[in-house]
Amino acid sequence: MSVSQNVDLTLQSDEKRVIHRTKIEAIAIPLATVVALLAIWQFGVRIFDVPTYIAPAPSDVASTFVAKFPILLENFWPTFYESVLGFFAGNLAAMLIAVAFVHNRTAEKAFFPLAVFINTIPILAIAPILVLIFGAGLTAKVVIAGLICFFPTLVNMVRGLQSVSAQSLELARILSASKAEIFWKIRLPSSLPFLFSALKIAATTCVIGAIVGEWVGADVGLGALIIDSTFNFRSSLLYATVFMSSGLSVFLFVAVSIAEKLVVRW
Amino acid sequence: METARKIEATAADMVSIATSLKNAFVKFGAFTAIENLSLDVEAGSFYTILGPSGCGKSTLLRLVSDLVPIASGDVSIFGKSTEQARLAREFAFVFQDAVLLPWRTAIQNVELPLEMGRKRGVDIPVSDKSPMELLELVGLKGREDALPHELSGGMRQRVAIARALVCKPKLLLMDEPFGALDEMTRDHLNLQLLKIWEETGVTILFVTHSIPEAVFLGQKVLMLQAHPGRLKEVVKINLPYPREIKLRDTQAFTKYAAYLRELLETC
């Protein structure tokens, strides 16, 4: 009895150790890869004596990041607001239109090809048009960021709302459910996993939209800083700005992922 | 219990027919799914429905539950049209899959019928038992807050049965509800269903493709034949209730099963 218990205990601690090790490996391996790549970059730049304005070493970028942090942050907030406002506007519009499409086939037939057409225009090509229409202020960037979110969310939301099984709808019919009850209690919750897949895409693309909008015409924002530092050969600042932009995308992505975990529990 | 049930049954025989079909036809385009079917199901009875695939077993339940329209003939539930019966929640349906909403817990799934169809101007009957008591009745006490993906197939089907009972149906339509479950779980649920039937006095129409299940559960077995779907024979099962699993080893049981197997081969 006691022997077998001992065996059990060792087995358990072995198992725990294995689980623990896989957890450490899951973090350590990618981290080590990043560190190694940074080291290769650092020494490569130094050994081949690459000028800083062509490719700054990671250490240069890091010191610029710290030294210029106030400037980076000053330009971070406008891009943050544009991205987030665009995210909400674009996704809200996509969700509402998806609901209209699902309830009205004629609306879908009329407007879906148009949505596909707008989606085929490169965002870089449409951005100047939107800046001409909405001016160089916040609105144009929000519209561009929203536009880039719009299509993936529309397509996913329509699929999600239609993902209800035929049997669920039969159950609803047997319960004499109204259209509104079917929508709120069955269709909308069914669509949430699909919606969040799209929102995760949108969380990163809305930042692209905001930055593209700033390239076309802006005095502030990470996009404006990218253009400015490129033309002034301030490469370290350019790299630092790029990291700041990707940091913004990661932040929004993580925020949406946490929201997904809280909402989609099944 | 038993005597109360008998009295209720004899009284019901005189006045109450749970489901009545008269020369019913169901057609899907040019295809005739049910042809000239006439049948009276007495209130409080337990009918099982057998037949080869394509015989219209499921279609029969879907006709009664107002999911498919009748082409000609008559169908009524306690004297009402199927639509009126649906609005008044006279019947409930249990599908082969549990059809639970995956984001709702077991108890929330049981409560779903109470939240739907309230604005149709017809009062929805409510079981004397609370949703929690119904979960207890089907043996799921303590699992009320589990999400469907945390439950086994048998447990999900029990939730579906509790959900079906929450509006106190007079007629329970079951379309191969235990078809996807393993033997042990199926036996257990068969016994539980018989217990529920005896306690509630609900009328049950139960489609199955298992001959032993049909004999074990039913007072009468409806044998349907295919192409087109027609009533072949109504076989009365004269075996006493309450039934236990070991009933299946008796000669009387085997005789019924053998008879039905032969009948099925001629369909």
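User: What domains is chain A divided into, and how do you know the bounds?
Analyst: Chain A has domain 1 (1-49) and domain 2 (58-263). The bounds come from an automatic or database domain assignment. This is a predicted model: local features need pLDDT of at least 70, side-chain atom pairs count only at pLDDT 80 or more, and totals for chains, interfaces and linings use all residues. Residues are numbered from 1 along each chain as its sequence is written, with chains lettered from A and ligands numbered from 1 in the order in which they are written.

User: What separates the centres of domain 1 and domain 2 of chain A?
Analyst: 36 Å, taken over C-alpha atoms.

User: Why is α8(A) called roughly antiparallel to α10(A)?
Analyst: Helix α8 (residues 179-216) and helix α10 (residues 235-263) of chain A pack at about 165 degrees. Angles run from 0 to 180 degrees between N-to-C directions. Those over 145 count as roughly antiparallel, so α8(A) and α10(A) get that label. Their axes lie 9 Å apart.

User: What makes residues of α8(A) and α10(A) count as meeting?
Analyst: Their C-beta atoms, placed from the backbone, lie within 7 Å. F196(A) and V207(A) are among those in α8(A), and L252(A) and F253(A) among those in α10(A). By class, this contact has 11 nonpolar, 4 polar and 2 charged residues.

User: How many residues of chain B are in contact with chain A?
Analyst: 19, against 17 residues of chain A. On the chain B side, α3 (82-87) and α4 (106-115) each supply at least two residues. That side has 11 nonpolar, 3 polar and 5 charged residues. Asp, Glu, Lys and Arg count as charged; Ala, Val, Leu, Ile, Met, Phe, Trp, Tyr, Cys and Pro as nonpolar; the others, Gly among them, as polar.

Terms used: Helices (H or I, at least four residues) and strands (E, at least two) are DSSP runs, numbered from the N terminus. Angles under 35 degrees count as roughly parallel, over 145 as roughly antiparallel, 65 to 115 as roughly perpendicular and the rest as oblique. Two residues are in contact if their C-beta atoms, placed from the backbone, lie within 7 Å.
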